[in-house]
Amino acid sequence: MTIAIDDPKRTGYAAEVVANTFLELARAEGRALTQMQVHKLVYIAHGYTLALLGRPLMYNTVHAWQRGPVVRRLWQHWGERGRVPISEPLPVAPGEPDLTQDSEALEVIRSVWSGYGGMEGGELSRLTHRAGSPWSQTYGLQDNLIPDEITREYYTSLARSA
């Protein structure tokens, strides 16, 4: 199932919708997440969705910043929050589709949560900095964008080796 949003070239969900799903999973376990954890979990889920479902999980761009993959849209919400736990869900623009009817995407998110949700931000950052990772292939380039194709190839390789 591909969800189109107003613009036929944009498929997937708003990064805030995906981030809120991880925040809800953490809250259900009595935990809180930092912005670094959320950024990395959202990116990892996006990568596995590209690899396993052949479609993007979110339509927002991902940038290769010093501390790893960052969704600029999420950064705009939290800024320099650092390691302060996120206590509230992010606001979502009216009309943005939610994930409740997308069982395939939810399954990927829950699998990512199960495998990576217990990791600290620094540990997740080290995972996304590995040699050959999309971050390592794009960090330092002029626009620092991490293209979905590079992300898809990398996570397809990870999924095959699992």
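Select leucine 57 and histidine 46 to begin: the backbone nitrogen of leucine 57 lies 3.3 Å from a polar atom of the histidine 46 side chain. The model is a predicted one, in which local features need pLDDT of at least 70 and side-chain atom pairs count only at pLDDT 80 or more, while totals for chains, interfaces and linings use all residues. Residues are numbered from 1 along each chain as its sequence is written, and side-chain values use heavy atoms, with hydrogens and water left out.

**Around histidine 46**

Stay on histidine 46 and colour helix H2, residues 35–53, in which histidine 46 lies. Helices here are DSSP runs of H or I with at least four residues, strands are runs of E with at least two, and both are numbered from the N terminus. Is histidine 46 buried or exposed? Histidine 46 is buried, with a relative accessible area of 0%. Buried means under 20% relative accessible area, exposed over 50%, and partly exposed in between, with a 1.4 Å probe and protein chains only.

Next, show the neighbours. Leaving aside residues up to four places away in sequence, histidine 46 touches Pro56, Leu57, Met58 and Asp148; contact means heavy atoms within 4.5 Å.

**The aromatic rings**

Now display the aromatic side chains. Seven aromatic pairs turn up in a search of the whole structure. Rings of Phe, Tyr and Trp (its six-membered ring) pair if their centres lie within 6.5 Å; planes under 30 degrees apart count as stacked, over 60 as edge-to-face and the rest as tilted.

Select tyrosine 43 and tyrosine 155, an edge-to-face pair at 6.0 Å centre to centre with 75° between the planes. This pair links distant parts of the chain, with tyrosine 43 in helix H2 and tyrosine 155 in helix H7 (residues 148–161), 112 residues apart. Both tyrosine 43 and tyrosine 155 are buried.

Move on to tyrosine 48 and tyrosine 116, a tilted pair at 6.3 Å centre to centre and 40° between the planes. Tyrosine 48 is in helix H2 and tyrosine 116 in helix H4 (residues 103–116), so the pair ties together parts 68 residues apart in sequence. Tyrosine 48 and tyrosine 116 are also buried. Select Tyr43, Tyr48, Tyr116, Tyr154 and Tyr155 together: ring pairs link them into a cluster.

**The whole chain**

Zoom out and switch to a cartoon. The chain has seven helices and four strands, in the order β-β-α-α-β-β-α-α-α-α-α from the N terminus on. Its C-alpha trace spans about 35 × 35 × 35 Å along the principal axes. Of the 162 residues, 48% count as buried.

How values were computed
Polar contact = N/O pair within 3.5 Å; in protein donor to acceptor, adjacent residues only side chain to side chain.
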